[in-house]
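Here is a friendly walk through a two-chain model, written to be read with the structure open beside it. Please take a look at it before reading on.

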Amino acid sequence: MSKVLATISVERAFGPVVEGEAVLSSEGFSPRYDLDRWSGVITKRGHKLEGVQIRDTILFFPTAKGGVAAGWAFSDIRSKSIAPKAFVFGRTNPVMVQGAVFANITITEGWSQDPFEVVRTGDVVRIDPGRKVIEVLSRKAT
Amino acid sequence: MELSFKEQAMLRGEMGEPVRNALKLQLEVGKFYGARRFVRVKNVHMMGDIEVMGDSGLEYLRCTREKRAHCSVDITTNARCADFAHAEALGQDMGEIAKERTLIGYLADMNVMTTDTCINYQTLYQPHLGEHVAWGDTGTVIYANSVFGARSNFEAGPAALAAGLTGRTPEYGFHLDEHRRGTFVVKVDATLGDFAGWGALGKIVGESHQDYFSVPVFDGIGSAPTSDGFKHLGASLASYGSMAMFHMVGVTPEAPTVEQALGGRTSAETMTVRQADIDAVFRRYDIGDGRCNLVVFSGPQQSLFEMKCLAELFAGKRVHPGSRVFVTTAHSILADARRLGYAQALEAAGVTILAGVCFYILQNLSQMRIANGWTNLVSNSAKLVNTITAHRFNTILRRTAECVEVAVSGVVK
């Protein structure tokens, strides 16, 4: 098992254990409002992640925005091979959870400390829903 | 979770594979939120259209239908991505539109009523105080919880279909008293009037408190909104704040007083929204070069009263040459609007009325935007100007009469 550089506990979690590159956002997320669901790129003008490709990433968002789309949309983007490996939310809503469960994409809610304090975009992290932890495995090369 | 004998039988597959799969999905969601049991529902409202489901969703429905899925309670559908009468003229992808027809057929075969409306609370079903329902479209949920005092969480498409199949939903969130209490007070010292004003209030409160479990308690509302005012306030709070409930003191059923709305909780925060805050919302939009060839009245669909109001505002006027104006409404509302002459009045002014859809979920919308040279989009719906942004529109909220002026002049101020 890789050496763990830092750990964050989460309140709630679902899905398989996954590892991937972290992408942190200080703005919330909705697949309908923010994402081009055909390319996997965040396209909302002015979104903190505008222009970012979400495929195979581990996405950190402080909040979920409204919209009921995620229920089907997460499964749709997964079938198009543009889904992230996991969604990590500070606060989320049932739409995101229902969508993630339906698509079998890892999702967590709540964190013991602000991820911005311990994780940077580009770091490799592991999400273990069974143990309800986020582990930083390696730092982005500078 | 504690399961009844019937739920255990469902899980063993005794009521068929679709019901078993549906309950398993609901169990996982219930487990995530720490639900202890299921509650029965008699009314379900689901989102399901090809734009959001894609081919994988269509295939899921095909397989589920093939396994003889049959919804056991009343279940209706939300607005969809195409009005077939206008799809070709709008430049929608006719291959995808054909899939939409197939999808509707699958739903009908599963005993789903394809009503295609996001204002089911105005047109279809009004749950009673305390009634558990499983509704999708966040605007429908916040209306159910807040205005009717019914109980629902946001139920996304697959979750709502699951509720239709099992006749139940996990008991967490807004099904429980503890989450229905207000969490902060909003003192309103402003005259909101127009629907866009109610939406602006929702934007201010929602954006600053993005949290599904935040429940604002509005106090000091001088004049209670109409059903349509509630609609725009709720849809805006749900959109900007991901919120599923609010109280309005002296108006909504669980808020006779501030104290009762807070349910004994000492409010963590009181915020005040003044007229200047509302006015500032409208001022802050970037209007670019001021040209605007797209005005939309949608999100949520227009009620009959809104149709009448728009018909009056457009009377004797014409949409600016080269501009498009869209109104979306429910099929049942359009039938009445036509009977009463409102639809003809709007069409005479050059307005396009779409039925059974909401503008922001139209199939092929990004391509339509580019093909029509649309950049600025003006609407009186605070929800719409927030939800459509992935398609790279520059959106601007304006009051209803101002939207009509933009439609006629082609200029936004």
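The notes below go from one chain to the contact between the two chains, and then to some local details.

## About the model

This is a predicted model, in which local features need pLDDT of at least 70 and side-chain atom pairs count only at pLDDT 80 or more, while totals for chains, interfaces and linings use all residues. Residues are numbered from 1 along each chain as its sequence is written, and chains are lettered from A and ligands numbered from 1 in the order in which they are written.

## Chain A as a whole

Chain A has 4 helices and 9 strands, where helices (H or I, at least four residues) and strands (E, at least two) are DSSP runs numbered from the N terminus. Along the sequence they follow the pattern β-β-α-β-β-β-α-β-α-β-α-β-β.

The C-alpha atoms of chain A fill a box of roughly 35 × 30 × 25 Å along the principal axes. Its radius of gyration is 14 Å, in agreement with the value near 14 Å for a compact globule of 142 residues; this radius is taken over C-alpha atoms, and the globule rule is 2.2 Å times the number of residues to the power 0.38. Of the 142 residues in chain A, 56% are buried (20 or more other C-beta atoms within 10 Å of the residue's own; exposed means 12 or fewer, partly exposed in between, with C-beta atoms placed from the backbone).

## Where the chains meet

Contact here means that the C-beta atoms of two residues, placed from the backbone, lie within 7 Å. By that rule, 33 residues of chain B are in contact with 34 residues of chain A. The elements giving two or more residues to this side of chain B are α2, α3 (50–66), α7, α10 (227–241) and α17 (382–387). The largest share, 6 residues, comes from α3(B).

The axes of α3(A), residues 94–103, and α2(B), residues 17–33, come within 10 Å and cross at roughly 130 degrees. That makes α3(A) oblique to α2(B), since angles under 35 degrees count as roughly parallel, over 145 as roughly antiparallel, 65 to 115 as roughly perpendicular and the rest as oblique. Pro94(A), Val97(A), Gln98(A), Val101(A) and Phe102(A) meet Leu25(B), Glu28(B), Val29(B) and Phe32(B).

## An enclosed helix in chain B

Helix α7(B), residues 157–166, is largely enclosed by the rest of the structure, because 10 of its 10 residues are buried. Among them are Pro158(B), Leu161(B) and Leu165(B). Just after α7(B), Gly167(B) takes a positive phi of about 75 degrees.

## Backbone details to check

Lys132(A) has a positive phi of about 55 degrees and sits in the loop between β8 (124–128) and β9 (133–138) of chain A. With 16 other C-beta atoms within 10 Å, Lys132(A) is partly exposed. Asn364(B) has a positive phi near 75 degrees and lies in the loop between β12 (352–355) and α16 (365–372) of chain B. Asn364(B) counts as buried, with 20 C-beta neighbours inside 10 Å.

Finally, the peptide bond from Gly299(B) to Pro300(B) is cis, with omega near 0 degrees. Pro300(B) is placed in strand β10 (residues 294–302) of chain B.

Key. Axes fitted to C-alpha atoms, helices over the stretch in contact; angles between N-to-C directions.
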